[in-house]
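Colleague: Could you walk me through this one? I would like to go piece by piece.

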Amino acid sequence: MTVTAPVTRKRSALTKGQLPSYAPWVVLAVALVLGAAILALVGFNVFGWGVVSALLFTVGLVAWSGMVEGARKAKDKLATCLVVGAFLVALLPLVSVIWTVLVNGIPGIITPGFLGTSMNGVTGTFDNKSVEEGTRVLGGVYHALIGTVQITLLATVISVPVGLLTAIYLVEYGEDRPLARAITFFVDVMTGIPSIVAGLFAAAFFFAVVGPGTKTGAVAAVALSVLMIPVVVRSSEEMLKIVPNELREASYALGVRKWRTILKVVIPTAISGIASGVTLAIARVIGETAPILVTAGFATTINNNVFGGWMASLPTFIYTQILNPTSPSNPAPSDQRAWGAALVLIILVMLLNLAARLIARIFAPKAGR
Amino acid sequence: MSKRIDVKDLNVYYGNFLAVEGVNINIDAKSVTAFIGPSGCGKSTFLRTLNRMHEVLPGARVEGEVLLDGDNLYGPGVDPVTVRTQVGMVFQRPNPFPTMSIRDNVLAGVKLNNKKISKGEADTLVERSLQGANLWNEVKDRLDKPGSGLSGGQQQRLCIARAIAVEPQVILMDEPCSALDPISTLAVEDLINELKDQYTVVIVTHNMQQAARVSDKTAFFNIAGTGKPGKLIEFADTSTIFNNPSQKATEDYVSGRFG
């Protein structure tokens with residue numbers, strides 16, 4: 001009588017020839033130490049340490065893997081290292097920008113009155129005084145915030161109907177006619193227009209129609225809508241195209257007219273995509289500087305009328321504060337205000353992106369039982 | 001509440017391509033007529049000409065006459081939208097509107113046309129249409145849930161309920177069961193049998209057993225070869241088509257010798 005005892009092994013034969021799960025961490029630690037040592041020889045700096053350690057980590061892990069696991073796994077490790085490395089490189093500028101703006105912008109934004117006052121009456125004397133005597137920095141972005149919000153809102157009001165109706169024509173009525181093909185071509189051309197050219201167009205247009213020297217928020221809004229319309233057309237067109245044709249046919253088969261089908265079936269089905277496309281188009285133009293400088297001029301006072309008088313906006317506020325500090329001998333307070341305005345602008349764009357996601361979620365066709 | 005359809009010398013074109021040639025057929029009111037034939041022979045194309053859905057596709061046009069109780073659908077000045085309110089359609093794939101609840105899907109024909117309807121009337125219409133489509137008991141507790149949450153077979157019956165809610169004279173069905181399992185298919189077939197008490201039903205099917213089960217009359221379409229137009233080969237009582245066809249091609253097809 002023979003008894004077959006179950007084979008007992010310490011490690012499964014199926015996982016033989018694999019690196020232990022802690023291997024990358026070991027290599028990382030060794031690479032960091034080695035990297036620091038190498039950098040110490042030539043003079044230590046954090047950036048060089050990161051690059052050298054990353055290279056050492058890649059070489060070390062791939063070589064170890066090649067010895068233990070074979071060529072296929074080593075190539076897999078190499079590809080993983082390259083992909084992760086590329087991701088980190090792409091992430092670096094983004095993190096750096098956010099970090100810099102946060103560090104420089106927070107002192108500005110937490111100054112009392114920064115969000116609630118304009119630059120009206122703030123002169124170089126106050127800035128000199130705040131630098132020399134340490135009093136708080138006066139002045140704020142209220143006028144620029146009002147300007148940005150009004151100009152962008154008006155630009156949206158102009159662009160969305162034009163852009164959405166163009167997209168509806170292209171998708172629902174165009175049928176590849178010469179007119180539709182021409183529109184598609186010119187929308188593509190419009191996408192590539194430099195923003196300053198759009199600004200010059202709007203300025204020249206209003207000079208010719210209203211009178212020379214016409215600079216108002218509305219002119220800036222027209223310039224921005226020239227930049228927004230192609231983006232809105234493109235995104236809405238894509239969204240309308242992916243509405244299944246079956247839904248249109250189902251509606252026609254119920255005896256519903258074409259325009260009602262578009263209004264009540266096609267657009268509601270695509271509305272989440274259209275809305276988030278519009279929001280992203282707004283985020284794209286809200287930071288434009290050049291077209292606003294040539295169309296709305298620059299103001300230091302609060303102007304609530306988008307149709308009359310020069311108007312400030314956040315980008316032009318940053319631009320003038322850096323280029324022409326309020327006190328040329330003491331630019332530090334102007335720098336602080338500029339960074340604060342930059343932070344406000346980034347927060348606005350971030351809020352718009354969040355709004356786009358929220359809108360997309362609210363309008364999305366609901367599934368569920 | 002149902003009308004007969006008489007088709008005279010109908011040619012259907014996609015651009016310059018003749019897709020279906022010379023169809024003459026008389027479809028009785030309150031009957032079920034099945035169209036069978038190999039793929040690409042023009043049955044679906046011909047079916048879509050019966051409610052002018054064909055011309056939704058760019059470049060599509062029609063020559064000849066389709067008479068709905070004597071009125072030519074393709075006569076001058078006839079509004080295709082009026083035609084489609086009288087001749088409803090159910091498609092191959094269930095296509096409930098994803099943005100609407102089950103209740104709104106049934107009421108789509110009314111609501112999308114902005115017709116005023118009181119809440120009581122709407123409730124009655126929803127219940128009657130869903131009862132008519134054998135779906136009421138399954139969905140009566142969740143009328144406010146999205147239609148896309150139903151199973152495939154339930155969605156198709158929802159589409160049928162949506163079609164009968166506008167009270168058409170004729171219902172066209174383009175392979176309504178090809179995406180369904182046998183049990184849902186049975187439910188739809190039972191429904192077709194009930195529908196013929198009130199409506200004229202025309203159904204395209206690839207399933208010959210289905211044609212034999214549900215239809216009173218059957219039309220066999222065939223195509224001579226790729227690029228040639230499809231033609232109506234034979235139109236007769238279903239039992240004649242399946243047991244004693246007059247044409248050789250029909251006999252070959254129904255007995256499974258080709259196609």
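Colleague: Which way does H5(B) pass H7(B), left-handed or right-handed?

Modeller: In this predicted model, H5(B) passes H7(B) in a right-handed crossing, where right-handed means that the near helix is turned clockwise from the far one by less than a right angle, and left-handed that it is turned anticlockwise. Helices here are DSSP runs of H or I with at least four residues, strands are runs of E with at least two, and both are numbered from the N terminus.

Colleague: And at what angle do they pack?

Modeller: Helix H5 (residues 119-132) of chain B and helix H7 (residues 152-165) of chain B pack at about 125°, with axes 8 Å apart; the axes are lines fitted to C-alpha atoms over the stretch in contact, and angles run from 0 to 180 degrees between N-to-C directions. H5(B) and H7(B) are therefore oblique to each other, given that under 35 degrees counts as roughly parallel, over 145 as roughly antiparallel, 65 to 115 as roughly perpendicular and the rest as oblique.

Colleague: Which residues meet there?

Modeller: From H5(B), Leu125(B), Ser129(B), Leu130(B) and Gly132(B) meet Ala161(B), Ile164(B) and Ala165(B) of H7(B), contact meaning C-beta atoms, placed from the backbone, within 7 Å. By class, five of these residues are nonpolar, two polar and none charged, with Ala, Val, Leu, Ile, Met, Phe, Trp, Tyr, Cys and Pro counted as nonpolar, Asp, Glu, Lys and Arg as charged, and the others, Gly among them, as polar.

Colleague: How should I read the numbering and the confidence limits?

Modeller: Residues are numbered from 1 along each chain as its sequence is written, while chains are lettered from A and ligands numbered from 1 in the order in which they are written. Local features need pLDDT of at least 70 and side-chain atom pairs count only at pLDDT 80 or more, whereas totals for chains, interfaces and linings use all residues.

Colleague: Switching to the two chains, how many residues does each put into the contact?

Modeller: Chain A contributes 22 residues and chain B 25 residues. On the side of chain A that touches chain B, helix H9 (245-253) and helix H10 (258-285) each supply at least two residues, and H9(A) gives the most, with seven.

Colleague: What is that side made of, by class?

Modeller: The side of chain A that touches chain B has 10 nonpolar, four polar and eight charged residues.

Colleague: Last one: how many helices and strands are in chain B?

Modeller: Chain B has 11 helices and 10 strands.
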